[in-house]
Every structure is written in structure tokens, then in C-alpha cells.
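Colleague: I would like a close look at a single part of this structure. Please take the disulfide and what surrounds it, in one connected answer.

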Amino acid sequence: QVRLVESGGGLVQAGGSLRLSCVASERTSSTYAMGWFRQAPGKEREIVAGISWRGDSTYYADSVKGRFTISSDNAKNTVYLQMNDLEPEDTAVYYCALDPRAAVVPVEPDYWGQGTQVTVSS
């Protein structure tokens, strides 16, 4: 089974930045989509960003568009989420995910990371 290990979460002030990393133990196929979800207290889990296996196509939720950037390094089996101009509303547990059957957006991921806490203070 593919294992996804996340890192990079933490506590920052509004307007600050963080970069999340997700390392996959292996790839299940030559094509897949990876992405990031988040779940805040009292809210449903939501998709934040997605990326194609080549890294040439991306998707962003409207709430983070223009502030977050998803990228990948295939040689390192790693996907990143650069988060800039963070807002208190971004506070959540962020989960990395991999969907072997998706092109860009991991609609039904088969593999999930353990989650990393991002807290933005005002």
C-alpha cells in the first residue's frame, strides 16, 4: 500500500506563509492525481488543490486561489502546498491524498496522509 507522509504544518500569524510537503512511498501507476484537503472544526472536509502526475495541470478551490500554489517533484515522489497570505479561516487539519484514477482533482482518493495542523492567528 502507498503511504503518504506529511510535514510542514505549524502556527503562523495572519499574512504569513507555510509550505506543506507530502512524500509518497511509491507510485501505483504512471498517471495519477494528488492533492490537498482540509477540515476545520465544525466544517466538512473540502478539497483545497489538486495536481496532475506531470505537474502541468492544477486545480484550486476558490477560497485559496491566488494565495496557495501546489507543485510536485516526481523524482522525489513529493507534492508541496505553498501557502501565502494566510488567513485565520485557513486554520484546519490538512491532508495529502492520492487518486490513481483521477487526472487533476483527487475526487475519490485511495491513499491519505496522516494530517498536519495549520493554525493561523489574527
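Modeller: What follows starts at the disulfide, moves out along the sheet, and ends at a proline in a loop. Keep in mind that this is a predicted model.

The disulfide comes first. The count comes to 1 disulfide. This bond joins C22 to C96, with an S to S distance of 2.1 Å. The cut-off for calling such a pair is 2.5 Å, and the C22 to C96 distance of 2.1 Å is within it. The link is left-handed, with -80° about the S-S bond. What does the pair tie together? C22 sits in strand β3, residues 18-24, and C96 sits in strand β9, residues 92-99, so the bond ties together parts that are 74 residues apart in sequence. Both cysteines are buried: C22 is, and so is C96. In general, a disulfide is a covalent bond between the sulfur atoms of two cysteines.

Now follow C22 into its sheet. C22 is the bridge partner of E6. Strands β1 and β3 run antiparallel, and 4 bridges join them. They belong to an open sheet of 4 strands, in the order β1-β3-β8-β7, with antiparallel pairing. The edge strands are β1 (4-7) and β7 (68-73), and each pairs on one side only. From one strand to the next, the twist averages 15°.

The loop between β9 and β10 (111-112) contains P106. Is P106 buried or exposed? P106 is buried, because its relative accessible area is 0% and the cut-off for buried is under 20%. What does P106 touch? Leaving out residues up to four places away in sequence, P106 touches A33, M34, G35, F37, I47, G50 and D99. P106 and I51 are 55 residues apart in sequence, yet 8.3 Å apart in space, C-alpha to C-alpha.

To view this yourself, start with C22 and C96, the two ends of the disulfide. Then step from C22 to its partner E6. Finish at P106, in the loop between β9 and β10.

Terms used. Residues are numbered from 1 along each chain as its sequence is written. This is a predicted model: local features need pLDDT of at least 70, side-chain atom pairs count only at pLDDT 80 or more; totals for chains, interfaces and linings use all residues. Side-chain values use heavy atoms; hydrogens and water are left out. Helices (H or I, at least four residues) and strands (E, at least two) are DSSP runs, numbered from the N terminus. Buried means under 20% relative accessible area, exposed over 50%, partly exposed in between (1.4 Å probe, protein chains only). Two strands pair if DSSP finds at least two bridges between them. Axes are lines fitted to C-alpha atoms, for helices over the stretch in contact, and angles run from 0 to 180 degrees between N-to-C directions. Contact means heavy atoms within 4.5 Å.
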